[in-house]
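Dear colleague,

Please find the structure below, together with its sequence. My notes on the computed geometry follow it.

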Amino acid sequence: MIDFRCDYKGLISDEELNERVALTRQFVARAQQDGFGGWVDLPVNYDRDEFARIKSAAAQINADSDYLICVGIGGSYLGHRAVIEALGGERGRTKILYAGNSLSARELEKVVKQLGAADFSVNVISKSGTTTEPAVAFRTFKKLLIDKYGEEAAAKRIYATTDANKGALHDEAVAKGYTTFVVPDNIGGRYSVLTGVGLLAIAVAGIDIDRLMDGAEEERTALISDGGKAAEYAVLRNVMLEKGYNIEVLANFEPSFMYFNEWWKQLFGESEGKEGKGIFPASVIYSTDLHSMGQYMQEGRRALFETFVEIAGDYAGVTVPGSAENLDGLQYLEGRELDSICKVAAQATREAHAAGGVPVTQITMPNIDERSLGALIYFFEMACALSAFTLGVNPFNQPGVEAYKTRMFELLGKPGYNN
Ligand code: PA5
């Protein structure tokens, strides 16, 4: 289960906090009833048949492919990349390459080069099927598949995760006979990691998706009646904002959490940043970034608060080696577990930043494993929905994302756009 703590003294009284948390707890029912609230009950209410099909597709891909190219952008790729990287990467034969998450020609070329002559399959993930970035990449890899295997065999290597009934990708998948998985109508992209959107790639990586769902279910049990600790976090985020702290920095001490941070930024940024409102979500990986961003965190403009994601369990087996000479003065750490040193660094950072005027909140997960990650994902999804409702915005839409697309289509001369 996920724990949340915050030293809120000086920001809000106990009485006011309790009142506000009680109000926020009511939003759990609202999230559940919303047309995009399918994620709330997902851990107990997912499509078991599709789940089994995901596992057998993952086994097939590991049997016939050195690489799986995951084509998707935003909510269609960040979640599974976050989980796979946080858990240390692919464990089986098939390695995952990501494409269609930018319009960089250099990046696309790099993936094609890395692929070389290896056997591969493609998982194209797009609700609409018309998002420019993945659509361009899908064309590229589809052509490579057809050139390598021929039309019929290529179609067997394409796994399309898209709308159940409509859209360009759905129609193509039906026409060409691709294996398909569903982006559910009632779950938005950034809430979709525990659906076919995220689970195929995660299963291909050899990660136990049953345990991931178990972790999410466990956390749902903890939060479903009243939001639990997620409601407290949601309220305190809004208290910070009202006090002028309008930037939240998510801080991790594990470099493998870089994409988890990216997923978190999309979740909160796209859910809350609208109608001129919202906390700007930023992230750091410590202690690495203490040597680049640490100065700002300690002494820069006091508009940010920090949320530390910490791991309760210990990672044993990596110790500081002994040295007869002690030229580096490290003798006092000889034989000590590196993980315990990292935990001390985390405590020191929290204390130093708090003393420097940065309000600190702390989220603790039991360990870095499937269950804990499933729980953490669910915790943040719930906290984000409750926080957005508290802020007074709809957590599940993203009207602002269209503006750049419209202008880009005008400039590119897409039919139907003014140019
Ligand atoms: O969270 C979201 O809704 C977005 O990030 C979408 O997932 C992203 O824009 C990709 O859209 P689509 O799945 O239609 O290609």
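**The sheet and its helices**

Five strands form an open sheet of mixed pairing, in the order β1-β10-β9-β7-β8. Here two strands pair if DSSP finds at least two bridges between them; strands (E, at least two residues) and helices (H or I, at least four) are DSSP runs, numbered from the N terminus. This is a predicted model, in which local features need pLDDT of at least 70 and side-chain atom pairs count only at pLDDT 80 or more, while totals for chains, interfaces and linings use all residues. Residues are numbered from 1 along each chain as its sequence is written, and side-chain values use heavy atoms, with hydrogens and water left out.

The edges of the sheet are β1 (3–6) and β8 (280–285), each of which pairs on one side only. On average, neighbouring strands are turned by 20° against each other, direction ignored. Axes are lines fitted to C-alpha atoms, for helices over the stretch in contact, and angles run from 0 to 180 degrees between N-to-C directions. β1 pairs with β10 (residues 360–365) in the antiparallel sense over four bridges, and aspartate 3 has threonine 364 in β10 as its bridge partner.

**Helix pairs**

The axes of α13 (residues 258–272) and α16 (residues 370–391) come within 9 Å and cross at roughly 20°. α13 passes α16 in a right-handed crossing, that is, with the near helix turned clockwise from the far one by less than a right angle. Among the residues in contact are Trp263, Trp264 and Phe268 of α13, and Phe380, Cys384 and Leu391 of α16. The contact residues divide into 13 nonpolar, two polar and two charged. In this division Ala, Val, Leu, Ile, Met, Phe, Trp, Tyr, Cys and Pro count as nonpolar, Asp, Glu, Lys and Arg as charged, and the others, Gly among them, as polar.

For α6 (residues 105–115) and α7 (residues 132–149), the axes come within 11 Å and cross at roughly 25°. That makes α6 roughly parallel to α7. This crossing is right-handed. Leu108, Val111, Val112 and Leu115 of α6 meet Ala137, Thr140, Phe141 and Leu144 of α7, a contact of seven nonpolar residues, one polar and no charged.

**Aromatic pairs and backbone**

The count of aromatic pairs comes to 26, where rings of Phe, Tyr and Trp (its six-membered ring) pair if their centres lie within 6.5 Å, and planes under 30 degrees apart count as stacked, over 60 as edge-to-face and the rest as tilted. One of them is the edge-to-face pair of tyrosine 233 and phenylalanine 268, at 6.3 Å centre to centre and 70° between the planes. This pair links distant parts of the chain, 35 residues apart: tyrosine 233 lies in α12 (residues 228–242) and phenylalanine 268 in α13.

Two backbone features remain. The peptide bond from tyrosine 286 to serine 287 is cis, with omega near 0°, and serine 287 is found in the loop between β8 and α14 (294–299). Glutamate 275, in the loop between α13 and β8, has a positive phi near 55° although the residue is not glycine.

Kind regards

Terms used:
Contact means heavy atoms within 4.5 Å. Angles under 35 degrees count as roughly parallel, over 145 as roughly antiparallel, 65 to 115 as roughly perpendicular and the rest as oblique.
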